[in-house]
Structure formats: C-alpha cells, structure tokens
Amino acid sequence: MRPLGARPLGGRGAAAATTRTRIPGLDWVLLAAVAALLVVGTLLVWSATATRASLVGDDSTAFLRRQLVNVAIGVVLAVVVVATDHRWLRIVAPLVYLVSVVGLVLVLVMGSTINGSRSWLRLGGMSIQPAEFAKLAVVVGMALLVAERAQSSWRRSVGTREVVGMLAIAAVPAALILAQPDLGTMLVLSATVLGVLAIAGTPRRWILGLLVAGAGAAVLAVGAGVLKPYQVDRFLAFTNPGLDPRGAGYNTEQARIAIGNGGLFGQGLFDGSQTRSGFVPEQQTDFIFTVAGEELGLVGAGLVVALLALVVWRALRIASASDDAFGRVAAGGIACWFGFQAFQNVGMCLGIMPVTGVPLPFVSYGGSSLFAVMLAVGVLQSIHLRNGTRGEAG
C-alpha cells in the first residue's frame, strides 16, 4: 500500500496494483467450509432418504433433487446479500425484522402443525418456517440498535436503556415462537440473544440476572403445565433414555445405536444398516448427524464438527476485525447462533442434550433453515468486505 500523498505509478500495471489494493477479497476459508458442509450434507440427505419408500416412493433421488434446489436458492440469496452495500443492510434491517414477525403471526393464524408444533406456512407446493428467519432478524435488529447507540454515545458499554431495547427486540419473536410451541428454536434464540448481549458489552449483572430468570421461568413453566406432555417426556427421556425406549426415549436410543455402529471409519456412504432400515426417525432433518456417524464413522463425523467449528471461528474473526458496532455485534451474534444450534443438534444425537428438533446448520434437509443460514453467511461476507475496504483505506 503506497503512502498517502505519493504519486501513483502510471500505466496498466498501476491500475492492476490499485485494483488489488482497494478491492478486498472474500473470506475464502469461510466459503470453503460452507461449501464442504453443503456437499457433505446433500450426500447425507440422499443416503438417509434413498431407501425410504414411504418418503420417496419409487424415486430414490427425490430428496437429493429437492436439496440441490434448496442449495442453489441459498447460494443465490447469499450472493445477493454480499452484493448489497453494507449500509443498505442496516437500512433494510427493520424491514427484515417486521417481515419475520408478520410471518410468525401468520403461522399462529393459518400455519400447519407438524410433530406437535404449529411452525409452518404452506405457500403453494412449499412450506416455510418463519422462525428460522427470525433468528437472523433478531441478531441484525439488536446489532442495529447497538450501532445507533454507538454513534450517539461515547460510552463503551451499553446501559439499561439499550439492554431493555435489545430485549424488547428479541421478546416479540420469542413470544410468538413459544406460542407455537417450538422449544428447540426458542432455546437457540435465547442462547443467541445472550451471546449478542455479551458481545455488545452488556454489564455482567444483566447476563447473570437473565440466566437466573430464565432458569426460574423454565421451572415455573414445567410446574404450571405450560409445556406440552411430549416436550416434558423428551426432557425425562434425556435424563434417562431407558425410561421409555419405545416412546420418548426411542429417538435418542436409536441415534446412539446408529452412531455406535459407525466405529472409526464408518460402514460406508449409503451402506449404514440403521439408516437403510429406517430405524432413526427424521434422519434427513433433525438426526442427520447420525448418518454421518454411522456411514462415515468417527473420522467423518469429526470432520463435520470441525467444519462447523471452522465456520464459527471465521465468524468470530470477522466480528473481531470489524471496526464498527453493527458489524461486530451482527457477526458475533451469527457465530453464537451457528455454534449453539450445531451443539444442540449434535448433542441430542449423542444423548448429551434433550431432543428439541433443531436442524444441523448447512447439513440438514430443508429450505427454511438452509436459506436462513446462507443469508447469514452473506451478511458475514458483507461485513468482511467492508472490514477489508476500511483496512486498505487506512
């Protein structure tokens, strides 16, 4: 980078040098990790569904083709976000939040109930789960509030007014998600909100107070019968899978068996005995990790975990490199979202977390989840590009 005030070199070489200097690159490590997860996930979805006649009929590639369409749409959405100026992302943030809230309201009014949760909107031949997009909307909305505070205040930490504002932003979608009820998404959203508050500089007393209040609310919810019976049974099965091996504990028990069958190197893609026999429910969505464990073994499943960890690490790097509050909080919030949701999904497959029905980011079958995480990747890349531009300008 030439010193300020120096005369530029003439000729075509100078133009090329200037282009290399001023146009920052994408985060290629993040892109490579996401691309690898999409490829592995698509293969695992195909393997999980190819022999399920009840799902695919005579077409063993039905889910493969659908997932490829989902991936293509997700990539287009990410590219659109990356191509959008960083300032426009801040301008449309309130609109994104409003659309997600409207979607959650419509779910309660005219949504479809699947697996005990009224979480889906049917639009023609496709189903959309607005709660998935609400995660990104809450993160971006809270980041925007912190950014506005940072521009109008000299204080490094947020005060009571800002904390209350951020909690209010999260409270509306949270209440609507809880009313569905979608406990898995609620847990992910709660962990994400706590992460955003911590990254924004919220005083520790607020974080501790919210943790205590959340634990108290959970106890009251169980005691007052707010949770559905099947949700309570899932938590009981988590503490003791053998309590009801043919009922609430069935998913956890079969997931453990499938992963245990994989050994070190797995039984081979498309050759998992538990997978081919269809013993694990919802294996293409919530329990996709069991396919990796059985067919790719400890090595392959470990690679999936490593790729997810790499995505979270790059998001945190982007957050730490951001020199504006919006980018720092948004990227950090996305890292918290990806990290906790991946931990929750893998944990319930291993029996160390209760079964709550959340997809594995970038890997599980489904459009809504994939679209939401790819939009988030676009936001990360947009923040990274802006960081690179400012860094070169300085």
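# Aromatic pairs, a kinked helix and a nonpolar core

The secondary structure of this predicted model comes to 15 helices and three strands, taken as DSSP runs numbered from the N terminus (helices H or I, at least four residues; strands E, at least two). Local features need pLDDT of at least 70 and side-chain atom pairs pLDDT 80 or more, while totals for chains, interfaces and linings use all residues. Residues are numbered from 1 along each chain as its sequence is written, and side-chain values use heavy atoms, without hydrogens and water.

User: How many aromatic pairs does a search of the whole structure find?

Analyst: Rings of Phe, Tyr and Trp (its six-membered ring) pair if their centres lie within 6.5 Å; planes under 30 degrees apart count as stacked, over 60 as edge-to-face and the rest as tilted. By that rule, the search of the whole structure gives four aromatic pairs.

User: How many residues apart in sequence are the parts that Phe-63 and Tyr-365 tie together?

Analyst: Phe-63 and Tyr-365 form a tilted pair, 4.8 Å centre to centre with 55 degrees between the planes. Phe-63 lies in helix α4 (residues 62-83) and Tyr-365 in the loop between α14 (325-350) and α15 (367-393), so the parts tied together are apart in sequence by 302 residues.

User: Is Phe-63 buried or exposed?

Analyst: Buried means under 20% relative accessible area, exposed over 50%, and partly exposed in between (1.4 Å probe, protein chains only). Phe-63 has 6% relative accessibility, so Phe-63 counts as buried.

User: Which residues form one aromatic cluster with Phe-338?

Analyst: Phe-338 and Phe-362 are both buried. They make an edge-to-face pair, 5.4 Å centre to centre and 80 degrees between the planes. The aromatic cluster that holds Phe-338 also has Trp-337 and Phe-362.

User: How many residues has the largest nonpolar core?

Analyst: A nonpolar core is a set of buried Ala, Val, Leu, Ile, Met, Phe, Trp, Tyr and Cys residues joined through side-chain atoms within 4.5 Å. Among the residues with the most contacts inside the largest core are Trp-337, Phe-338 and Phe-362. The number of residues in this core is 94.

User: Where in α7 does the kink lie?

Analyst: Helix α7 (residues 160-178) has 19 residues and reaches 25 Å from its first C-alpha to its last. The bend at a residue is the angle between axes fitted to the seven residues ending there and the seven starting there. The kink in α7 is about 30 degrees and comes shortly before the proline Pro-173, at Ala-171.

Note on methods. The expected span of a helix is 1.5 Å times one less than its number of residues.
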